[in-house]
Each structure stands twice: as structure tokens, then as C-alpha cells.
Amino acid sequence: MLIGTPVVQRGTAVLSPFQREKLEYYFKFFDVDGDGYLMKKDLTLLFQKIIEYTGWEERSAAAVELYEVHSTFFEVLHEKTDINSELIGVDAWMSLWEHMIPGCMGMHNFPIWLRLLPRSLFRVMDTKEDGHLDALEIREFYESFVKIPADEAGGLANRAFNEMTDHGRYPLTLEGYEQIFANFLLGRTKYGPGRYIFGCFEHSADDQSSLISGPPKEDAVTAVATKFPRRSSDAIRTPLRTV
């Protein structure tokens, strides 16, 4: 048997169809080679993809820390499933979240190994390194990393920014981003800014949801072409481990 059953000692939650849709996309975010399983090789491929996107040197402080965060995530993820299995499929992934979500009201309720993930993603997106995200940075992430078509990414990023910041009333800082990421994980309906984390979910008036764009279907490690100026790979910022 390839796929183990998570052994998290918690109650279970019934995920809504929209939660399952979002979490399935999140699974594919980590399943870089698209083979339907999360394995250690996906960690290497994801790291390479992020390095290409950010322009960081592999041994820079930011890159080393990012690798450590995701390496820990993959290790714990496998510990939470059948120890005899090196392959985690989408069913085991969903079952894991069914055990993780009960009792959680925000990111602060999740274990630290999971809370570090949105902080890491925020750093990747914050190309200006000014501590907050703007519509251009969101568009860059949608277009160059998530691979949403360029003719859709701009308008989608503007809608995302407006909903995430109340039309610019509040800055999109790490604290706000973490709250939005919690909505991505915990939100059971289409309402809320969490659906814009990866820019992939839009909904029509009749409540039908659809995935605009998923992960790239090309080779596992596709060069991430970017039209935007990249940051310095030597930049050292506040460690993600700081709570």
C-alpha cells in the first residue's frame, strides 16, 4: 500500500467542496513534477523553482532559510502519515488536513512547522523587500510563478489587492497576509480574500467555482521567465523563525 493514513491525534472535520478544491491546488503547488505524489524530490524541484523566481543565490541567507522551512515541512508531513510509505497522495493529504483543521481559528492555532509556510511565501513575493505586498508584486507572482496568463494576471491581481487591503485602506503586511492565508485554509465558502492566495479561483454569480490556472504542466523545472527587476540574492532580512 503506497498511501498511508495520517495518525494525527485530533478530531476530524468534514472539508467543504471549496476547501477541498483549494487544498487540492495546494497539494499540486508542492507536487512540482506533477506525478500525483509528494516526495523528497519535489522539495528539490520546488527549491529550484523558487531560486529561479527570486534570483537568490542558493547559499544566501534567504535561500538557506527557505530550504530549511520547506525541508522541515516535508519531514513532518511524512511523519504524520504511514511511516512505511514514502509517497503521499492527495487522499492522504486531505485526510491530514481533516485532522489538522478542527479547533483552528487562525494561523496561530497551527503548529509552528505549518505557520512558517505563509511567512516563507510572503518573503518570496515581496520582491521590493519593503515588508508589504502591492498589486504589481501580486501580479508578478501570479504571472511568473503560478503561470496565470499575462492577459488575466493584471486584472486578477488588482482584484486580489483590493480585496486583501480593502481597496488600499490597509497595507498588505506579513501579519495581514498570514490572516488571509488562514482564510485560504479554513474558509469553507467562496467568500473571503483567501481564494486569492494563488490567484486561481474565481466564481460566477451562480456560485460555480473554477480553477483559472493550475501549476505549470511543462517540464518539472521550467525556467521562470520574469519581466520584473529581481532583488539582490545577498539580502538578509528578519528570520522567518522569529514569531
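Tutor: On a 1 Å grid over the protein atoms alone, a cavity is a set of points where a 1.4 Å probe fits but cannot get out. This is a predicted model, where local features need pLDDT of at least 70, side-chain atom pairs count only at pLDDT 80 or more, and totals for chains, interfaces and linings use all residues. Residues are numbered from 1 along each chain as its sequence is written, and side-chain values use heavy atoms, without hydrogens or water.

Student: How many cavities of 30 Å³ or more are there?

Tutor: Volume is the space filled by probe spheres set on grid points joined across faces, edges and corners. The largest cavity holds about 70 Å³. The count at 30 Å³ or more is one.

Student: Which helix supplies the largest share of the lining of the largest cavity?

Tutor: Lining residues have an atom within 4 Å of a point. Among them here are Tyr26, His70, Ser120 and Phe181. Helices are DSSP runs (H or I, at least four residues), numbered from the N terminus. α1, α3 and α5 each give at least two lining residues, and the largest share, four residues, is from α5.

Student: How many residues of α1 are buried?

Tutor: Buried means under 20% relative accessible area (1.4 Å probe, protein chains only). Phe18, Tyr26 and Phe30 are among the buried residues of α1. Of the 14 residues in α1, the buried ones number ten.

Technical notes:
Buried means under 20% relative accessible area, exposed over 50%, partly exposed in between (1.4 Å probe, protein chains only). On a 1 Å grid over the protein atoms alone, a cavity is a set of points where a 1.4 Å probe fits but cannot get out, and a pocket is an open set with protein on both sides within 12 Å along at least five of seven lines; lining residues have an atom within 4 Å of a point.
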